[in-house]
Amino acid sequence: MRVPIIAGNWKMNKNIEEAVSLVKDIKKGNMDKKVEVVLCVPFTDLYHVKEEIKGTNIKLGAQNMHWAESGAFTGEISPLMLKEIGVQYVIIGHSERRQYFNETDEIVNKKVKSAIAHGIKPIICVGETLEQREKGIEKDIVKTQVLDDLEDISGEDVLNIVIAYEPIWAIGTGKTASSEDVNNMLMFIRETIESKYGEDVSKEIRIQYGGSVKPNNIKELMAEEDIDGALVGGASLNAEDFLKLINF
Ligand code: PGA
């Protein structure tokens, strides 16, 4: 049984005061206990959000990390630092990092391996651009990303990973892929996992969808068999909307 996972990706939003107030508002609502809830917040909010989610089911997530434990990497944050603060999940290879900060699959793979070695669960983002979809090569692109990002990762470790399929053209644009299209791609990702790790692993690994997930489309998406949850940007910045997503 795959436990659904709804993760908020706040991106570069919310100062400390706003972060604490948002978490307080989320806590006021009812949360479906069968759903795993993760908040991936800016580094500067991590400590404060951790204090605020104590005693709740909400898990703490970061949005990036370096692969090294320490060293001369000005401006970077290490897995040990995240671990120390209580981070349980980390988004790796979000398309915005691939696009604006030149993160390649090789870098993503290094970060994923390091996160696993430090007991932090990676949420790996994959997905095609509009141009790639129009060319009809979206499956090739996603397959390459999945296989390269998971290079040298064992079948046991891969079950601690969540894959988020986020077509780039659907992020922050209000355009969602149809739930059928998404399910199709997620089935394909599961087949790709099966070819590398076998059927048992492919049936157990959780795969989310991300890209303009909102209260008005979550139900339809979650009704699909292969969609195990959502990675949510915009709609995670508002408690009312985020609660509706958790309680899809
Ligand atoms: P969005 O962002 O929900 O605002 O489209 C999703 C994401 O980038 O993870």
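Biologist: Let's start with Glu 51: which helix does it lie in?

Modeller: Bear in mind that this is a predicted model. Glu 51 is in a helix that covers residues 46-53. That helix is α2.

Biologist: Is Glu 51 buried or exposed, or something in between?

Modeller: Its relative accessibility is 34%. Buried would need under 20% and exposed over 50%, so Glu 51 counts as partly exposed.

Biologist: Which side chain does the side chain of Glu 51 join in a polar contact?

Modeller: The cut-off for such a pair of N or O atoms is 3.5 Å. The contact here comes in at 3.1 Å. The partner of Glu 51 is Lys 54.

Biologist: And how far apart in space are Glu 51 and Val 87?

Modeller: In sequence, 36 residues separate Glu 51 and Val 87. In space, going from C-alpha to C-alpha, the distance is 12 Å.

Biologist: On to the ligand. Which residues come nearest to it?

Modeller: There are 13 residues around the ligand. By class, that shell has 4 nonpolar, 7 polar and 2 charged residues. The ones that come nearest are Lys 11, His 94, Glu 166, Gly 172 and Ser 212.

Biologist: What part of Ser 212 lies 2.7 Å from a ligand oxygen, backbone or side chain?

Modeller: Ser 212 sits in the loop between β7 (206-210) and α11 (218-222). Its side chain has a polar atom 2.8 Å from the backbone nitrogen of Gly 174. The N or O atom that lies 2.7 Å from the ligand oxygen belongs to the Ser 212 backbone.

Biologist: Is Ser 212 buried or exposed?

Modeller: Leaving aside neighbours within four places in sequence, Ser 212 is in contact with Ala 170, Ile 171, Gly 172, Thr 173, Gly 174, Lys 175, Thr 176 and Asn 217. Its relative accessible area is 10%. The cut-off is under 20%, so Ser 212 is buried.

Biologist: Back to Lys 11: what is its phi angle near?

Modeller: Lys 11 is in the loop between β1 (5-9) and α1 (16-28), and at 22% relative accessibility it counts as partly exposed. Its phi is positive, in a residue other than glycine. The value is near 55 degrees.

Biologist: And what is phi of Lys 14 near?

Modeller: Lys 14 is found in the loop between β1 and α1 too. It counts as partly exposed, at 24% relative accessibility. Phi is again positive in a residue other than glycine, near 85 degrees.

Biologist: Last one, on cysteines: how many disulfides does the count come to?

Modeller: A disulfide needs two cysteine sulfur atoms within 2.5 Å. For Cys 40, the nearest cysteine sulfur is that of Cys 125, 8.9 Å away, so by that cut-off Cys 40 is in no disulfide. Cys 40 counts as buried at 0% relative accessibility, and Cys 125 does at 2%. The number of disulfides is 0.

How values were computed
Residues are numbered from 1 along each chain as its sequence is written. This is a predicted model: local features need pLDDT of at least 70, side-chain atom pairs count only at pLDDT 80 or more; totals for chains, interfaces and linings use all residues. Side-chain values use heavy atoms; hydrogens and water are left out. Helices (H or I, at least four residues) and strands (E, at least two) are DSSP runs, numbered from the N terminus. Buried means under 20% relative accessible area, exposed over 50%, partly exposed in between (1.4 Å probe, protein chains only). A polar contact is a pair of N or O atoms within 3.5 Å; within protein, one must be able to donate a hydrogen and the other to accept it, and residues adjacent in sequence count only if both atoms are side-chain atoms. Contact means heavy atoms within 4.5 Å. A residue is near a molecule or strand if one of its heavy atoms lies within 4 Å of it. Ala, Val, Leu, Ile, Met, Phe, Trp, Tyr, Cys and Pro count as nonpolar, Asp, Glu, Lys and Arg as charged, and the others, Gly among them, as polar.
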